[in-house]
2 protein chains.
Amino acid sequence: MGSKSSTLQDVARVAGVSTATVSRTLSNPDVVSESTRIRVAQAVKETDYRINRAARSLRTQRAHSVLVLLPNLANPFFSSILEGISRHLSPKGYSMLIASTNQVQASGERLIDYFEDARADGMIILDGSLDSHLVEILENAPQSNRIIFACEWIDNTSFPVVRCENKQGTRIAVNHLYDLGHRKIAHVTGPDGNVLSHRRKSAFIEETSALNLDLKPEWVIDGDFSLAAGCQAAQRWIALTDRPTAVFCASDQLALGFMAELSRHNFTVPDDVSVMGFDDLDLAEQYIPPLTSIKQDRLMIGEAAAKMLMERIAAPHAKHSNDGAVIPVSLIARASTAQLRSAA
Amino acid sequence: MGSKSSTLQDVARVAGVSTATVSRTLSNPDVVSESTRIRVAQAVKETDYRINRAARSLRTQRAHSVLVLLPNLANPFFSSILEGISRHLSPKGYSMLIASTNQVQASGERLIDYFEDARADGMIILDGSLDSHLVEILENAPQSNRIIFACEWIDNTSFPVVRCENKQGTRIAVNHLYDLGHRKIAHVTGPDGNVLSHRRKSAFIEETSALNLDLKPEWVIDGDFSLAAGCQAAQRWIALTDRPTAVFCASDQLALGFMAELSRHNFTVPDDVSVMGFDDLDLAEQYIPPLTSIKQDRLMIGEAAAKMLMERIAAPHAKHSNDGAVIPVSLIARASTAQLRSAA
DNA sequence: CGCCTTTATGCAATCGATTACATTCCAACT
DNA sequence: AGTTGGAATGTAATCGATTGCATAAAGGCG
């Protein structure tokens, strides 16, 4: 068809009005008369007009897009969060830019560039292990009130956070195992320095202590949320002389790796040890045995984060008392945890 | 610091040259003298200049970003493909926009809008089930030579495709099972109408026939790549009176769901039936039992797709003889497949 | 020395939408 | 009738980078 797509000028010509009127009609229909509104609508249809976002961005200093920063694109944990974010953004005409921390750093970009070169109006950061220097730059940026964290976050910063009830989830997990009769409970942690790892670990220690459980230091096994770390943790568990009868892993991937490695060494879950995870990935239900887990509603986290960000973008100078959101978690009990059977 | 970020004007003033010279220095350093090059570089540093992408986009009619369209954001299968794409794009200063078919349609957007409103310079489409009307629009668009498909594609269109060797992968799979002594082999397919499903299914039929295997119609079980469909397929398998001794699933998720459901009904893999998948997800290795699969290098698919797209964007009118790329697959044999043990 | 070529730079228009300000028109009120 | 106010629209500057064309400076050659 037409080799060029049409512009405001074209619409204005067809409708017999000025570009200003067309622009107003499109962005603020109330201020024009009904008759022009109709004429413009008609002309828009006739010319198949689409707004040029670059031009609008340049003039309004709004990119109409949001950057989502992931620690690692290859981790399936994040996909439903993206889905949630996109679900909220896309009807509002916002686009979603994706980047991973690794690649941003590898390519020599700086995060703040996304603001400074007008590529994004806001950021949702899912990486709590961001370099502290980078974070400092972000905090001091004029756009700092258009940055929010989700899932993970960074302590001692003022960014709002959308997260799940990590402490509560851990407490539920420990009590689930306790209620099944387990008194020796181990924990496989997330990566060192990660705020989720830390939360869940300290909640674990608190709760076992509150229940008066014995907790040997070697029952807290360092991991990093990955399948591979789960395997290694299993080896550590196997090597113990006094083995806990239940293990709470800080992520489902850890738990799956843990069970896989146990199986390779002919241990059986839950007969030899009860295992549970955190996240409730789709696969948890379909593992053998199905994995007991703490469910976090990742879709909801994504939507809540996007919603909060959009509010801040819309009213950048308003006071946002709203300092974040906490999404509830729930226990999904499955076959990987079972009543303790007293040793033969 | 400065409330406004600096512009070309600022740099020009500091360097004592015109904006034209600064622009040229930045985008085409060879045409300016060494001394200005140095002065400008110095001024850029001094003013902490970042290019305004909206302005550049408006003037050059280039968005410097690429849209990646996924059928479904929540599917972990795609994450490493994104990683591969991003790995290629990000060093070139290109951003990656993500959208899912569902949401594009739900929000009333049209794909072509991404071109027409100057949001994207190209598209990588990972959805082979796109509405045919949409595809037609894309084919007739002036930007049609900046669209490529990856993994999935649509028959009878001229878009280049980056895909894995589906036929060859299927052949390898069937032969692997054959070599283990299996003569009754079932297949769980992908979704109806999907080009991958079709390729793999017809290759399966061809290969079993080439090996002179018996193939009852009920041994080809309809699925849709998902865990849930795998479970359903397992129920169908269980219900058969003459059960195949091996099952080739069109995706790993199918295979995992299949095995999970079997386990719930007290069948054992591979003792009762050998199972294999396609994709080699990270989890395949860590399942119980570890899943034999056909590995496709998703990172490489992503990178190849991005590379091809960038070439087309750089030289839009060149003839690109290069009509796509085929990424090799390989067999990863694990414990879910085993030598046939003759029935007791 | 004068003319031509080459190289380096500047000037100013341009991309397309938005918006402050100015203008026009009409109704309503004194 | 004259004045005022408000609603609707137009004019033109603006956002910031790019680039065709013009100009200037420097070098080459007879």
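Student: Hi! Where is Phe225(A) found?
Tutor: Phe225(A) sits in the loop between β7 (220–221) and α11 (227–239) of chain A. Those labels are DSSP runs numbered from the N terminus: helices are H or I with at least four residues, strands are E with at least two.

Student: And how should I read the model and its numbering?
Tutor: This is a predicted model, where local features need pLDDT of at least 70 and side-chain atom pairs count only at pLDDT 80 or more, while totals for chains, interfaces and linings use all residues. Residues are numbered from 1 along each chain as its sequence is written, chains are lettered from A and ligands numbered from 1 in the order in which they are written, and side-chain values use heavy atoms, leaving out hydrogens and water.

Student: Back to Phe225(A), what is its phi?
Tutor: Phe225(A) has a positive phi of about 75°, although it is not a glycine. Most residues other than glycine have a negative phi.

Student: Is Phe225(A) buried or exposed?
Tutor: Buried, with a relative accessible area of 17%. Buried means under 20% relative accessible area, exposed over 50%, and partly exposed in between, using a 1.4 Å probe and protein chains only.

Student: What about Cys151(B), what phi does that one have?
Tutor: The phi of Cys151(B) is positive, about 65°, and this residue is not a glycine either. Cys151(B) lies in the loop between β4 (147–150) and β5 (161–164) of chain B, and counts as buried at 5% relative accessibility.

Student: New topic: is the bond from Ile288(A) to Pro289(A) cis or trans?
Tutor: That peptide bond is cis, with omega near -5°. Pro289(A) belongs to the loop between α13 (282–286) and β10 (292–296) of chain A.

Student: And from Ile288(B) to Pro289(B), cis or trans?
Tutor: Cis, with omega near -5°.
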